[in-house]
Amino acid sequence: MAHNKDEDTIDLSEISKICKNTQPQRPAAQQPSRRRPMSGQISPQQTLSADEDGLWDFDDAQSFDSGIRQRPEPDAQRAHIFDFDFSDPHDPYTDQPQPASGRPQNMYDSGRHPYASGVDAYGDAQPYDTTVPEIPEYERTGHTGTRRKRRKKHRFLRFLLILLGLLILISAAAALFARPPKRETEGLGSRTGDTVNVLIAGTDQDGTRTDTIMLVSISKKSGKISLTSVPRDTLVDNVYTSQKINSVYGFNGTGSDGMEALMAELTEILGITPDGYVLVDLDAFIQLVDLMGGVWFDVPQDMHYEDPTQDLYIDLTAGYQKLDGQHAMQLVRFRSYAMADLQRVNVQRDFIQAALNQWLSVKGVLHAPQVVRLMQENVQTDLSVSNMIWLALAMKSCGTDDMETMTLPGVPGMYDGVSFFILDRQAVVDTVNSVLNPYADAVTTDRVVIKTY
């Protein structure tokens, strides 16, 4: 072989001849490289260059880099990189036959390095560590347990993003479709505020008396929600058999006629007309509480009462607890308080406040379609679906942390030998103007109709 010192390159075929002369017992194709084994193969057209150590390097840096840095392939695919013929039944180092069974199929199965004889490719006695390291899991499988966990985490995050996007789209669509309920009141000018007042009424067991009467007032501009209770024994100026406000609904035939009569009576007392109404019977109330998953509430005292004629059985223990629909019904119907009807009104209002506070959440929004369906099928109301959506969004926007609660001002008293709750005319007018009135003109005492002693 002719080697010019002025040149630092040599053809690969020349290298093969050198290897044959050094170790003639080994075919040239089996000569291993002194360099770290690479996944790529050297073509005869490539050249090698000698560095200062006398070792041979690729002139083609890109080929060299790709060979060194590529991730190792699976065992069966990289056995060829040592130019090792495993199909030969003879041991390449001892030239002794090997049994067909148990013969290693590649260097990793054998548990020994191809250079286990301690003689390197140049015939020098330079033994080195022959232990074959265990292949890491990421080289054999392409992934690790950490990566699997990351993929699961990423899938969960993608699911949350998709769910959040859907909620945003639904909320945006609902906001475009939502419309506030409105009933105009004559004689007070135009509406200057955005306050909306909705009457919430609940009937007793026989469905003829409204034992719960409450006004929910919502102002999106101020971000406030107010609950104003009207005691069931409030004295009204009418010709009914019983002059208590809870008899107005049944005396006028119940249903929508009864609710319109109750709305008219409240217009006389307040000086303004509520914008809509919702009448909930006991069965619908129980279903609603169960649908929303119950309500956590602090029962103020032990409540025990039985009335077989009304099929009413109340058995509650004082304390903070989660009430399902049946027990919530017992709470709002209980009457045996020291302050009689006034304390009952306060407990009912506190329960409604707690329910709104817990239901106006993401979980509550998910139940919104079922709530709307329940109200359409089991609740008497003049609100449209767009009105209900507006109310739900407005309540969610305002929140319940600063919810204001009150009872129309008045005092218990006797009238013709019957106990009533008698309203204070001036105090009622002041409450209406500060909380309920959305009009330009204020309500005055000569506009309201309130019966006193």
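1. The buried residues of helix α14 are S386, N387, M388, I389, W390, L391, A394, M395 and C398, where buried means under 20% relative accessible area, exposed over 50%, and partly exposed in between (1.4 Å probe, protein chains only). Helices (H or I, at least four residues) and strands (E, at least two) are DSSP runs, numbered from the N terminus. Helix α14 covers residues 385-398, 14 residues in total, and spans 20 Å from its first C-alpha to its last, close to the 20 Å expected at 1.5 Å a residue; the expected span is 1.5 Å times one less than the number of residues. Just after α14, G399 adopts a positive phi of about 80°.

2. On the basis of the description: this is a predicted model, in which local features need pLDDT of at least 70 and side-chain atom pairs count only at pLDDT 80 or more, whereas totals for chains, interfaces and linings use all residues. Residues are numbered from 1 along each chain as its sequence is written, and side-chain values use heavy atoms, with hydrogens and water left out.

3. Helix α9 (residues 282-291) and helix α13 (residues 368-378) have axes that come within 11 Å and cross at roughly 175°. Axes are lines fitted to C-alpha atoms, for helices over the stretch in contact, and angles run from 0 to 180 degrees between N-to-C directions. The two helices α9 and α13 are therefore roughly antiparallel, a term for angles over 145 degrees. A284, Q287, L288 and L291 of α9 meet Q370, V371, L374 and N378 of α13, contact being heavy atoms within 4.5 Å.

4. Q348 belongs to helix α11 (residues 341-359). Its relative accessible area is 4%, so Q348 is buried. Leaving aside residues up to four places away in sequence, Q348 touches D211, T212, M214 and V332.

5. The whole structure contains five aromatic pairs; rings of Phe, Tyr and Trp (its six-membered ring) pair if their centres lie within 6.5 Å, with planes under 30 degrees apart counted as stacked, over 60 as edge-to-face and the rest as tilted. W296 and Y320 are stacked, at 5.5 Å centre to centre and 20° between the planes. Because W296 lies in strand β8 (residues 295-299) and Y320 in strand β11 (residues 319-323), this pair ties together parts that are 24 residues apart in sequence. W296 is partly exposed at 39% relative accessibility, and Y320 is exposed at 57%.

Conventions
Parallel < 35°, antiparallel > 145°, perpendicular 65-115°, else oblique.
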